[in-house]
Amino acid sequence: MSPAGKDSNDGLDAARPLKTLGKALSRVRPGDTVLLAGGTYLEGDLEIPCSGEPENPVVIRNVPGETPVLDGTDPEFLPQWTLFDKKSGVYRTPCDEKPENAYLDGG
């Protein structure tokens, strides 16, 4: 996998990498290893339809010497923060979905 890949690729070698971990996880079978190249992967909720078997687990690891980053940020979410409660320092923004977690500046 590579952030520069394409999910239309087959992902079977470094010359044809997939772009998203979600796509790779939709294709894995017991005993498969998913290799993540360096870079940032903007991935939201991930589903693992096949987690493998005790003797043949699905393994996700980095390409040796590379440092991938899994970032749960939704690149489609463009918040418009407005002050809601000045005394408490609370801001809010419209959102079409109910978030499970929300973070601002690491908090």
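Select Asp10 to begin: Asp10 is partly exposed, with a relative accessible area of 32%. Bear in mind as you click around that this is a predicted model. Now show the side chain of Arg16 as well. Asp10 and Arg16 form a salt bridge, and their closest N and O atoms sit 3.0 Å apart. Arg16 is partly exposed too, at 34% relative accessible area.

Asp13 counts as partly exposed, with 32% relative accessibility. What do the shared partners make of Asp10, Asp13 and Arg16? One network, joined by the salt bridges. As a bit of background, side chains of opposite charge can pair when their charged atoms come close. How many salt bridges does a search of the whole structure find? The answer is 2.

Next stop: charge on the surface. Select Asp45, Glu47, Asp74, Glu76, Asp96, Glu97 and Glu100 together, and you have a negative surface patch. Then zoom in on one of its members, Glu97. Is Glu97 buried or exposed? Glu97 is exposed, with a relative accessible area of 64%. For its place in the chain, look to the segment after strand 8, the strand that covers 90-92.

Stay with that segment for the next pick, Leu104, which is also found after strand 8. Leu104 is partly exposed, at 47% relative accessible area.

Last stop: a loop. Where is Gly65 found? Look in the loop between strand 5 (59-62) and strand 6 (68-71). Gly65 is exposed, with a relative accessible area of 80%, which puts it over the 50% cut-off for that label. Finally, select Ala37 and draw a distance between the C-alpha atoms of Gly65 and Ala37. The two residues are 28 apart along the chain, and their C-alpha atoms are separated by 9.1 Å.

Note on methods. Residues numbered from 1 in each chain as written. Predicted model: local features only at pLDDT ≥ 70, side-chain atom pairs only at ≥ 80, totals over all residues. Heavy atoms only, no water. Salt bridge = Lys/Arg side-chain N within 4 Å of Asp/Glu carboxyl O. Buried < 20%, exposed > 50% of the residue type's maximum accessible area, 1.4 Å probe, protein only. Patch = residues over 30% accessible without salt bridge, like charges linked within 9 Å, V, L, I, M, F, W, Y side chains within 5 Å. Areas by Shrake-Rupley, 256 points an atom, 1.4 Å probe, with all protein chains shown as cover. Lys, Arg positive; Asp, Glu negative; His and termini not counted. Charge placed at Lys NZ, Arg CZ, Asp CG, Glu CD. Helix = DSSP H or I, 4+ residues; strand = E, 2+ residues; numbered from the N terminus.
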